[in-house]
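User: I am new to this structure and would like to learn how to read its packing and pairing features. Could you take me through them?

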Amino acid sequence: MRISVVSFTENGARVAAALRGILRENGHLCSACAMPRHAGNGGLTPLLEPLESWTARSFGESDGIIFVGAAGIAVRAIAPHVKDKLTDPAVLSVDERANFVIPLLSGHMGGANKLARELAECLDATPVITTATDLNGRFAVDVWAKEQNLAICERENAKAVSAALLDGNAVGFCSDFVVESALPQGLTMAEDGPLGICVSFSGRDEPFLRTLHLVPRIVTLGVGCRKDVAPEVFEEAILALLSQNDLSVQAVREVATIDLKAREPCILAFCEKYRLPLCT
């Protein structure tokens, strides 16, 4: 993960420096900053811009953001930038004595809960986890989907699955792919029923009255085009091709083309709209 750390006090700077060391040792890319008068304590980068602008920039550039200080500071700083649980970065707050590590945003999809536990173990601190599935030891479909590289197609149905599992109700499960190990607790193999999960490339099958579609993101889409093709024409052609092959656009993990087309506007627009990396 790309993680940005910010601190505000002398004690906070020491904690930020410790966090940077832990995160880098654990394989993360980490940068850490502090108020200019405290930055020298741990060789941190001086924070020379308002916290609001630092947070805005970090939201776009980082997979995780850690505020060393009061949770309220973090909440106020991130409030204008919170958009979507599927795309927002993980945000955590660590007190300046490193007693508590608190995931504030994207506990599951962003990995904040996992990161909190990782840091708490290294700091001998307490991770403050508040998500219901974690507290009750239940299967969390969004965490599982991320671990398996599966795109979640319907958020409301994902919530319904989580609610059913928390209530102790069984949720059906079917898959176009071989399942090699035991299903998580609460899921049962089924071909129909009131609520269930369907893993497929198309994202269109409806085996259950209410189906949560999970799509493996493993398709590389090779593209080419004439110069200056209109973005809407390019998108329409790509979506038609995917549909003809019974593939959801959610199955695409990257777009590939030759280097001469690396700056073609229609390709770049498609990649930006669907949040896909471009490989040339």
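User: Which residues of helix 8 and helix 9 meet?

Analyst: With contact meaning heavy atoms within 4.5 Å, Pro231, Phe234, Glu235 and Ile238 in helix 8 meet Cys266, Ile267, Ala269, Phe270 and Lys273 in helix 9. The residues of this contact divide into seven nonpolar, no polar and two charged, where Ala, Val, Leu, Ile, Met, Phe, Trp, Tyr, Cys and Pro count as nonpolar, Asp, Glu, Lys and Arg as charged, and the others, Gly among them, as polar. This is a predicted model, in which local features need pLDDT of at least 70 and side-chain atom pairs count only at pLDDT 80 or more, while totals for chains, interfaces and linings use all residues. Residues are numbered from 1 along each chain as its sequence is written, and side-chain values use heavy atoms, with hydrogens and water left out.

User: At what angle do helix 8 and helix 9 pack?

Analyst: Two packed helices are described by the angle between their axes and the distance between the axes. Helix 8 (residues 231-244) and helix 9 (residues 265-273) pack at about 65 degrees, with their axes 8 Å apart; axes are lines fitted to C-alpha atoms, for helices over the stretch in contact, and angles run from 0 to 180 degrees between N-to-C directions. Helices (H or I, at least four residues) and strands (E, at least two) are DSSP runs, numbered from the N terminus.

User: In which sense do strand 14 and strand 15 pair?

Analyst: Strands of a sheet pair through backbone hydrogen bonds, either parallel or antiparallel. Strand 14 (residues 252-256) pairs with strand 15 in the parallel sense over two bridges, pairing requiring that DSSP finds at least two bridges between the strands, and Val255 stands opposite Leu278 in strand 15. Three strands form this open sheet in the order 13-14-15.
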